[in-house]
Amino acid sequence: MANLIIGHRGVKGHYPENTQVSVQAAIDMGLQWVEVDIQPTLDGELVVCHDHTVNRCSNGRGRVDAHTLVQLQQLDFGAWFAPTFAGEPIMTLATLLNLAQQHHLHLNLEIKVDQQNVTEVVTRLKQQLDLSGLPTDQFVLSSFSHDMIRSLHQHCSGYRLGVLSERLRHSDRALLKEVNAFSCHLNQRWIRQAHIDELKLAGYQVWCYTVNQPQKFKYLNQVDAVFSDFPERFSVQ
């Protein structure tokens with residue numbers, strides 16, 4: 001069994017992803033870790049949302065960073081999943097950090113950027129992490145963006161970094177070394193034994209997404225952590 005079972009966007013299989021109710025469900029299950037996605041609003045606030053638009057997971061339309069926080073807070077981020085969750089608001093990073101403090105919850109924050117200014121996002125993130133007073137070892141900061149990882153390395157000294165990739169590429173290997181990363185996060189569809197052996201030999205943890213059928217994932221006992229929409233299918237750790 002992997003050392004850690006990480007709730008993917010909270011408990012995405014049963015709750016509207018990346019919302020407070022989803023993260024609270026992970027806490028109630030006894031999970032030590034959740035993974036969520038962080039990105040900026042039009043007015044520079046950091047919110048928890050995976051897509052760069054609100055179309056899929058709310059009753060609104062348009063890009064997250066085309067809305068102010070107040071505008072986003074008028075939208076419903078729960079009813080799309082099930083009527084039971086109607087009225088669930090978007091969660092801010094500040095709310096998430098308060099939850100983490102209250103429940104000693106560890107967070108993998110995936111920082112999402114496409115056209116935003118990377119340095120501005122990282123500066124705002126660092127400010128909020130500092131204000132939270134939470135220890136650096138309560139976090140892993142990750143991203144698919146190599147520019148983001150480099151900026152996190154520069155501005156968030158002391159925080160553990162995870163390099164995200166669909167497949168392990170030469171550029172990922174170079175970045176892991178460049179930023180002295182803590183972990184490499186790979187898609188369970190494409191991971192191979194050689195990747196696990198290589199990464200562990202180099203001193204990196206191997207985290208794997210998104211594993212929803214543990215009995216079919218043959219590397220479960222060899223990776224350090226798995227992300228799952230259905231963490232109850234594993235022994236909760």
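The following dialogue goes through features of a predicted model and how to read them.

User: How many helices and strands does the protein chain have?

Analyst: Helices (H or I, at least four residues) and strands (E, at least two) are DSSP runs, numbered from the N terminus. The protein chain has seven helices and ten strands.

User: What does the radius of gyration say about the protein chain?

Analyst: The radius is taken over C-alpha atoms, and the globule rule is 2.2 Å times the number of residues to the power 0.38. For 237 residues a compact globule would have a value near 18 Å; the protein chain has 17 Å, which agrees. Its C-alpha atoms fill a box of roughly 50 × 40 × 30 Å along the principal axes.

User: What share of the residues is buried?

Analyst: Buried means under 20% relative accessible area, exposed over 50%, and partly exposed in between (1.4 Å probe, protein chains only). Of the 237 residues in the protein chain, 55% are buried.

User: Which residues have the most contacts inside the largest nonpolar core?

Analyst: A nonpolar core is a set of buried Ala, Val, Leu, Ile, Met, Phe, Trp, Tyr and Cys residues joined through side-chain atoms within 4.5 Å. The largest one has 58 residues, and Leu109, Leu141 and Leu152 have the most contacts inside it. Contact in general means heavy atoms within 4.5 Å. Leaving aside neighbours within four places in sequence, Leu109 is in contact with residues including Val36, Leu93, Phe139 and Leu141.

User: Which residues lie on each face of strand β8?

Analyst: In a regular strand the side chains alternate between the two faces of the sheet. In β8 (residues 183-187), Ser183, His185 and Asn187 are on one side and Cys184 and Leu186 on the other, all of them buried.

User: Which strands are joined to β8 by bridges?

Analyst: Two strands pair if DSSP finds at least two bridges between them. Four bridges join β7 (residues 160-165) to β8 in parallel, with Val163 opposite Cys184. Five bridges join β8 to β9 (residues 205-209), also running parallel, and here Asn187 stands opposite Tyr209.

User: What handedness does the unit of β7, α6 and β8 have?

Analyst: A crossover is right-handed if, with the strands pointing away from the viewer, the path from the first strand over the helix to the second runs clockwise. The unit of β7, α6 (residues 170-178) and β8 is right-handed. So is the β-α-β unit of β8, α7 (residues 193-201) and β9.

User: Which residues of helix α5 are buried?

Analyst: An α-helix has 3.6 residues a turn, so residues three or four places apart point the same way. In α5 (residues 146-155), the buried residues are His146, Met148, Ile149, Ser151 and Leu152. Their cover includes β5, α4, β6, β7 and α6.

User: What caps the N-terminal end of α5?

Analyst: A polar contact is a pair of N or O atoms within 3.5 Å; within protein, one must be able to donate a hydrogen and the other to accept it, and residues adjacent in sequence count only if both atoms are side-chain atoms. Ser145 is the cap, with a side-chain oxygen 3.4 Å from the backbone nitrogen of Asp147. The side chain of Ser143 in turn reaches the backbone nitrogen of Ser145 at 3.0 Å. Ser143 is in strand β6 and is buried, with a relative accessible area of 1%.

Terms used:
Residues numbered from 1 in each chain as written. Predicted model: local features only at pLDDT ≥ 70, side-chain atom pairs only at ≥ 80, totals over all residues. Heavy atoms only, no water.
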